[in-house]
Amino acid sequence: MQKNNFYLGEMKRQKSINVLKDPNSKKINGGRSNHLEKKTYTLCADILVGLKDIAIDELYRKFKNRISIIPSNDAEMLYFEYKGSLKDLLSVKTIVAIYLLNKFHIPRPKALLGQQNREKMIDAIYEVLNLYPKGTFDSFRISAPGKDSSVFSRIKDAIEDDIHLPYDPNNGDLFLRIRPSILYKDSWEVFTRISPRPLATRGWRVFNMKGALNATIASAMLEMTKPNANDRFLNIMCGSGTLLIERLQRGKVQTIVGGDINKDTLLNAKRNISASGFEHEITLMRFDVCQLPFEENSFDVICADLPWGQLVGSIEENSTLYPNMLREVARIATYKARFVLITHNVQLFENILPSFVDSWTLVECLKVYQGGLHPRIYSLERK
Ligand SMILES: C[S@@+](CC[C@H](N)C(=O)[O-])C[C@H]1O[C@@H](n2cnc3c(N)ncnc32)[C@H](O)[C@@H]1O
């Protein structure tokens, strides 16, 4: 795949706008599989700051030479070319959202209304609509500088006419982002999100716990454990079950156990786990992390989303909880066990860690960004 055709080349349009207009047309479904699977797309992904390398690793692991990363310094966006069915990209876990990217060599957005540009924009939308059964999308919305201007109102009307979905500025599930190109003069870009909700929204989350871990971050933490099918995996302080479910979605384990001190929280974890279909695979237990009901050398991978002391727990409680937890996890961990944890109570954790120099080696520390906070992920190895 070539890297240099990102902004220069246009993707070859496969069909005329008239053929693509009806998502249920037999022509589209009948002709798509082999033909479109070989198509190359230019895409852009929203990523969480700090997780770019992990997102790239996942793309290469899943799609190998069908992926070509386009170098950029943007910490929150990842550009890449991809060859294959867009549907396959919906399984990506460490990326927040993926968009089809089309560049238009135009000085003002008004030119999107010109026939050729309009067709190109609508074709991209139909690429997305055609991935799903009819009726999946209820409406569309646009994010753009000046989106309330008369020009954008004409653009909205044009899209409404062409795709037969209403415009809903707040809840539109077909999401378009339109903006001037950052790199190229006199150019605008249209991003069409390839899923009705961000990929970070997980279908299994039927119970939304206050302080639950963002699933994209959970997936990134699990990548940092270097998962393999022999893992005996323990998630202490499992809350509503995010890390447990994401671990099994990543692949098989030998055993998987989650525990929390709070009885109600465990019931809610059970609801999410049932919705994920993993209820027969995950063992849930009630325990205090300071007195784990396991023998020495029981687990070789441990994960934790610690109480950060804001929505869950308090800074004061953490000052005794964190050292007790590190001591107890060291007891039940095997030699060279991986322990990946996240906390926002960074100062406390980094003050405590040196006193565990005999038990834990710090392998990696990753600063991430979630909802205005900057928690850190620590990857430790048992000595
Ligand atoms: C930040 S929440 C975990 C959220 C979880 N990752 C999720 O996505 O739902 C921290 C959890 O630690 C649990 N916890 C606090 N102190 C504990 C202790 N001493 N032993 C076990 N669990 C504890 C809390 O009940 C809470 O569910």
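I started at Leu176, which stands opposite Thr192 in β7. Strand β6 (residues 174–180) and strand β7 (residues 188–193) run antiparallel, joined by 5 bridges. For my own reference, two strands pair if DSSP finds at least two bridges between them; strands (E, at least two residues) and helices (H or I, at least four) are DSSP runs, numbered from the N terminus.

A note on the source: this is a predicted model, where local features need pLDDT of at least 70 and side-chain atom pairs count only at pLDDT 80 or more, while totals for chains, interfaces and linings use all residues. Residues are numbered from 1 along each chain as its sequence is written, and side-chain values use heavy atoms, with hydrogens and water left out.

Next I looked up the whole sheet. It is open, has 7 strands in the order β2-β3-β1-β4-β7-β6-β5, and its pairing is mixed. β2 and β5 (140–143) are the edge strands, each pairing on one side only.

Then I went to β3 (residues 77–83). Of its 7 residues, 6 are buried (under 20% relative accessible area; exposed is over 50%, partly exposed in between, with a 1.4 Å probe and protein chains only). β1 (residues 40–46) runs antiparallel to β3, with 7 bridges, and Ala45 stands opposite Leu78 there. On β2 (residues 67–70) I found 4 bridges to β3, again antiparallel; Ile70 has Tyr79 as its bridge partner. A hairpin of 6 residues links β2 to β3.

What sits in the largest nonpolar core? I count on 50 residues, and those with the most contacts inside it are Leu59, Leu78, Phe80, Leu89, Ile95, Ile159 and Ile163. Such a core is a set of buried Ala, Val, Leu, Ile, Met, Phe, Trp, Tyr and Cys residues joined through side-chain atoms within 4.5 Å. Helix α4 (residues 115–129) gives the most to this core, 7 residues. Apart from it lies another core, of 42 residues, including Phe191 and Trp308.

I also checked Ile95: leaving aside neighbours within four places in sequence, its contacts (heavy atoms within 4.5 Å) include Ala45, Leu59, Leu78 and Thr216.

Last, the cysteines. How many disulfides does a search of the whole structure find? I got 0, taking a disulfide as a pair of cysteine sulfur atoms within 2.5 Å. Cys303 is buried, at 0% relative accessible area, whereas Cys290 is partly exposed, at 25%.
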